[in-house]
Amino acid sequence: MPAQISFAVESPDGPRTVTMTYERRGSGAPLLLLHGIGHLWQAWEPVIDVLATERDVIAVDLPGFGASPALPQPLAYDLSTVVPVLDAFCAALGVERPHVAGNSLGGLLALQLGRERLVRSVTALSPAGFWSEGERRYAFTTLRAMRGAALTMPVPLIERLSRSAAGRTVLTSSIYARPGRLSPEAAVAETLSLRAATGFHQTLAAGRTVTFADDVPDVPVTIAWGSRDRLLLRRQGVRAKHAIPGARLVRLPGCGHVPMNDDPALVARVVLDGSAG
């Protein structure tokens with residue numbers, strides 16, 4: 001069952017209390033899992049139990065997403081704020097320098113945690129930040145369209161669409177290569193999470209000026225990209241490798257932007273290999 005924890009974070013106006021929802025399973029070295037914009041910790045559900053056989057898995061709802069409340073004012077949704085929030089979250093759980101795996105926005109956050117040496121290793125699945133300006137605009141336009149559709153569709157329509165593979169394709173094909181594999185319950189939960197995400201606009205606004213062009217020294221990094229990623233095109237993986245020369249670049253055949261459901265076995269193996277040692 002998911003739990004919640006509250007902890008203090010410094011702000012320009014003094015300490016603020018942040019509350020985050022998380023799921024924790026397994027034993028072994030700690031492994032923090034970070035989802036993408038508009039998503040929730042359950043995006044990792046297809047791989048958590050496999051990971052939990054070898055890791056102490058902590059899957060979080062980022063602030064303003066899933067069941068985690070929005071960040072309190074005046075905290076922003078930029079890297080310089082959210083990374084310390086994640087570090088404080090780990091400290092509140094008594095976890096020091098976990099391994100981290102992240103997808104999309106979560107991948108960008110994971111890389112920044114690595115760059116600041118707050119984690120033992122980084123596995124980034126289609127991480128944000130390696131786009132050209134045109135690719136960024138395309139991705140943000142797609143995300144806004146997904147959010148707009150989620151907001152305008154009545155809940156009964158979302159539920160009806162989720163019952164068929166064709167309907168799940170309508171709801172989620174922008175981020176999944178194999179949307180028919182998504183369960184009806186997951187399709188509904190993800191669509192409702194996207195429409196309710198209080199941190200969506202602020203996170204997107206903060207991402208307008210983000211380009212990850214720095215190396216991540218002294219931390220093992222794995223970057224994995226789905227061959228059928230339609231949101232952040234796979235050529236961005238080559239740019240990521242150029243920016244982080246020591247990274248291991250892995251291709252995920254047949255996977256879309258959110259690969260955990262497209263090929264759970266492959267993704268679990270990539271994350272376990274990336275967090276070994």
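In the hairpin formed by E1 and E2, six residues lie between the strands, and among them the reader can look for Gly14, which takes a positive phi near 110°. The model described here is a predicted one. Strands E1 and E2 run antiparallel and are joined by seven bridges.

Eight strands make up an open sheet with mixed pairing, and their order is E1-E2-E4-E3-E5-E6-E7-E8. Strands E1 and E8 (248-252) stand at the edges with a single partner strand each, so one side of each has no neighbour in the sheet. On average, neighbouring strands of this sheet are turned by 25° against each other, with direction ignored. Further along the order, E2 and E4 run antiparallel, and five bridges join this pair.

Helices come next. Helix H3 lies across E3, E5 (99-103), E6 (122-125) and E7 (221-226), and runs at about 150° to E5. Helix H11 (residues 264-274) also packs on the sheet, where it touches E3, E4, E5, E6, E7 and E8; the direction of H11 makes about 170° with that of E8.

With 14 residues, H2 reaches 20 Å from its first C-alpha to its last, close to the 20 Å expected at 1.5 Å a residue. After H2 comes Gly94, whose phi is positive, near 75°. Which residues of H2 are buried? They are Leu79, Thr81, Val82, Val83, Val85, Leu86, Phe89 and Cys90. The cover over these buried residues includes strands E1 (3-9), E2 (16-26), E3 (29-34) and E4 (55-60), together with helix H3.

The axes of H2 (residues 79-92) and H3 (residues 105-115) come within 10 Å and cross at roughly 75°. An angle from 65 to 115 degrees counts as roughly perpendicular, which means that H2 is roughly perpendicular to H3. On the H2 side, the contact involves Leu79, Val82, Val83 and Leu86, and these meet Leu108, Leu109, Gln112 and Leu113 in H3. Sorted by class, this contact has seven nonpolar residues, one polar residue and no charged residues.

Helix H4 (residues 133-152) packs against helix H7 (residues 184-196) at an angle of about 100°, and their axes are 8 Å apart. H4 is therefore roughly perpendicular to H7. From H4, the contact draws on Met146, Arg147, Ala150 and Leu151, and from H7 on Thr191, Leu194, Arg195 and Ala196. By class, the residues where H4 meets H7 divide into five nonpolar, one polar and two charged.

Terms used. Residues are numbered from 1 along each chain as its sequence is written. This is a predicted model: local features need pLDDT of at least 70, side-chain atom pairs count only at pLDDT 80 or more; totals for chains, interfaces and linings use all residues. Side-chain values use heavy atoms; hydrogens and water are left out. Axes are lines fitted to C-alpha atoms, for helices over the stretch in contact, and angles run from 0 to 180 degrees between N-to-C directions. Helices (H or I, at least four residues) and strands (E, at least two) are DSSP runs, numbered from the N terminus. Angles under 35 degrees count as roughly parallel, over 145 as roughly antiparallel, 65 to 115 as roughly perpendicular and the rest as oblique. Contact means heavy atoms within 4.5 Å. Ala, Val, Leu, Ile, Met, Phe, Trp, Tyr, Cys and Pro count as nonpolar, Asp, Glu, Lys and Arg as charged, and the others, Gly among them, as polar. The expected span of a helix is 1.5 Å times one less than its number of residues. Buried means under 20% relative accessible area, exposed over 50%, partly exposed in between (1.4 Å probe, protein chains only). Two strands pair if DSSP finds at least two bridges between them.
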